[in-house]
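Me: I am new to this one. Please take a close look at a single part, then connect it to the rest. Keep it brisk.

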Amino acid sequence: MYPTVKQQSSSSDGAIRAVRAAMRPLLLVIFLGCLVLWVMMPTNTYRGKWLLQLQAKTDSTYFGQQGTTMLIYTFPVLFAAVLGCVYLHLGKKLNDNKSISSPKEDRLTVWKKPVLVKGPLGIVSMTELLFFVMFIALLVWSFWEYLHNGFQGIEATAAKKGEKLWVSKLGAAALRLGLTGNIVLAFLFFPVARGSSILPLFGLTSEGSIKYHIWLGHICLALFTSHGVCYIIRWIAKHNLLNQIREWDRTGVSILAGEISLLGGLVMWVTTFPRIRRKKFELFFYTHYLYIIFMLFFILHVGITYAFISLPSFYLFLVDRYLRFLQSQRKVRLISARVLPCETVELNFSKTPGLQYSPMSILFVNLPSVSKLQWHPFTVTSNSNLEQDKLSVTIKGDGSWSKKLYQMLSSSSSVDHLEASIEGPYGPVSTNFLGHDTLVMVSGGSGITPFISVIRELIFSSSVLKIKTPKILLISSFKSSSDLTMLDLILPLLGGPLDLSGLQLQVEAYVTREKEPATENVKPLQALWFKPKATDAPASAILGPNSWLWLGVIISSSFVIFLVLMGLLTRYYIYPIDHNTGLDYPTSAQAAFNILLMCVSIALAASGAVLWNKKQNTMEARQVQNMEASSAYGSPASFYNSDKELESLPRQSLIQSTKVHYGERPDLKRILFECKGKTVGVLASGPKKMRHEVATICSSGLADNLHFESISFSW
């Protein structure tokens, strides 16, 4: 059965739009305020006037010196994150109340076109380039201003210490490199918080923002490495290397802690370079857990007061990471699998109707029988509107993990149960596929998987919502004819009829390494059914249908709990010893206590929210299990019905709209320039070279109606 379409509620929609409109200026003010703060931070005006005045007004026996830093740097970001949760929740309600979002003309289209295609940054749009240049300008300005102020009177200081001038200047430069690196660190964890409310406010997704994390990571570790190397050269020049590298100051900067932090960061950094990451993904994956060492000893190195400057993004990351940990502890019911002859597997998980996700969402999967520790991201190919009780991912056998899975499921020995855990799905808050006259999707190999979910969403729009959808042109390149079986995954397997009369779909498939169809040793599609265990449960939203609101509750309540615990610790334990001087109580001990209290606060708030929603999730899970037990779907016989559907009218319609080309590659330039329509959306997913080719064509300026978007997951 198809889901019922909700009717539009004009009165509630108007109120929601009004509230969201009022929130946007407030969020803009917070953003601009943070920007001004970062620009002014290196100046004498900020450090000599503003900061001193704030410290005088905010000094207390409960929060100590870190109270001012939390108020300036931490609170605005967390407040924006909570506001973002409310904003996104209202947006979700707005979309739920409408039958379909009306197509809008994107006024920022010109800013989204790629301006850089080949180079170390990859495919970069005008907006991304602008923000990148602004960020680099901020770093250059900060370092220059720090250095300019640090060099004032340095000749007298060097003479007083009996140092050579260049040694003193090198020490001053080393310190300023570290201060500049801390600015980069403040942004480093925003892109990797998968369920963050900050990224969607800027129209970003976690998987699309991974490249920003990569950029920031390279810059951050380059600055911190330069910071450390300059200090080592300075200590060698002063003949004091061995004493300095072992120093752990009781109330000041702990040099040894900084060295341990930098060492952990360098190990991570080395494994992130493309050649190592692609060929040794497991090495890259496991060494990235050194971020715990990197951040822990960084905080011990600089002290908690200064660390609060860069902690907001890490705080949001910890919230997201703990929620992912709680979700990963659940065993999800894997109901079936389809094994394709092209070393591809489709896994079908049972899910509750309350778990909603958008096209091109990502699901992280762990299969202990393949690897107990490894988690791998895959594109969700099912559609939560058409398939309310099923969550599907398609896995191509490209790496050791996926090949082991394929061999396990395709072998003659039957697998009756496969234990699985998941994290996600994570995806864009909204999509604008209907805003185009024509939608062109260019894929290579397994890059077709994100487009399966897009096509299914458009099938839902045309067959259920009965609205006009854009003309769809799918251009897929495969190495061999056996890969063509991936096209069989485009149409969902449903119990009811599927009306494709309103869908304008054209598929151009290219088999590049064969000149004619293969007729020998063609393996049939294999369907597998798994027996459930009592401990397995359908996949569900860990925070329920109002996940954005609950996330806002977790962020705000955990921070309040942290403030209360920190206030009590400071007032009744640290303050009687130190009296807010920072000279008597050990800096590293205070930092360790704050880290512990932060983790405890997040764990308490997140666990409470998950337990509160667990009852609703359990009820939905029981309903799904009862439906599966009483229906044909969820039994091996359902596959026979699915096989019959392969011969149905929708399947015949797909075959008729598919044209296969052997022994050639698509002429993308000719195809794209021939696309008609005022707006032509162009999506590219697959090999880097192919995405760059499509981006080059769209950014050439020869066709103003082409609007490009690259889909790449650089995990």
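**Starting from Q244**

Reply: Q244 is in contact with W235, I255 and E259, leaving aside neighbours within four places in sequence. Contact here means heavy atoms within 4.5 Å. This is a predicted model: local features need pLDDT of at least 70, side-chain atom pairs count only at pLDDT 80 or more, and totals for chains, interfaces and linings use all residues. Residues are numbered from 1 along each chain as its sequence is written, and side-chain values use heavy atoms, with hydrogens and water left out.

Q244 sits in helix α10, residues 241–245. Helices are DSSP runs of H or I with at least four residues, strands are runs of E with at least two, and both are numbered from the N terminus. Q244 has 16% relative accessibility, so it counts as buried. Buried means under 20% relative accessible area, exposed means over 50%, and partly exposed lies in between, using a 1.4 Å probe and protein chains only.

W235 belongs to the α9 side of the contact between α9 and α11, while I255 and E259 belong to the α11 side. Helix α9 covers residues 210–237. Helix α11 covers residues 255–271.

How are two packed helices described? By the angle between their axes and the distance between the axes. Axes are lines fitted to C-alpha atoms, for helices over the stretch in contact, and angles run from 0 to 180 degrees between N-to-C directions.

Take α9 and α11. Their axes are 10 Å apart, at an angle of about 135 degrees. That angle makes α9 oblique to α11. Angles under 35 degrees count as roughly parallel, over 145 as roughly antiparallel, 65 to 115 as roughly perpendicular, and the rest as oblique. The crossing of α9 and α11 is left-handed. Left-handed means the near helix is turned anticlockwise from the far one by less than a right angle; right-handed means clockwise. On the α9 side, the contact includes H218, L221, A222 and F224. L262, L266 and W269 are among its α11 residues. By class, the contact of α9 with α11 has eight nonpolar residues, four polar and one charged. Ala, Val, Leu, Ile, Met, Phe, Trp, Tyr, Cys and Pro count as nonpolar, Asp, Glu, Lys and Arg as charged, and the others, Gly among them, as polar.

Helix α11 also meets α14, residues 291–302. These axes come within 8 Å and cross at roughly 155 degrees. That makes α11 roughly antiparallel to α14. This crossing is left-handed too. The tally for α11 with α14 is ten nonpolar, four polar and no charged residues.

F294 and F298 lead onward to L185, which touches both of them. L185 also touches C220, F224, M295, S310 and S313, not counting residues up to four places away in sequence. L185 lies in helix α7, residues 165–188. Its 0% relative accessibility is why L185 counts as buried. L185 and L216 are 31 residues apart in sequence, yet 7.6 Å apart in space, C-alpha to C-alpha.

The largest nonpolar core has 87 residues, and L185, F189, L311 and I555 have the most contacts inside it. Such a core is a set of buried Ala, Val, Leu, Ile, Met, Phe, Trp, Tyr and Cys residues joined through side-chain atoms within 4.5 Å. Helix α9 gives the largest share of this core, ten residues. L311 touches M295, I299, I304 and M598, again leaving out residues up to four places away in sequence.

A591 is found in helix α20, residues 587–630. A591 counts as buried because its relative accessibility is 0%. A591 and L296 are 295 residues apart in sequence and 9.1 Å apart in space, C-alpha to C-alpha.

Step back to the whole. The protein chain has 24 helices and 15 strands. Buried residues make up 53% of its 715 residues. Of the contacts with a separation of 6 or more, 80% join residues 24 or more positions apart.
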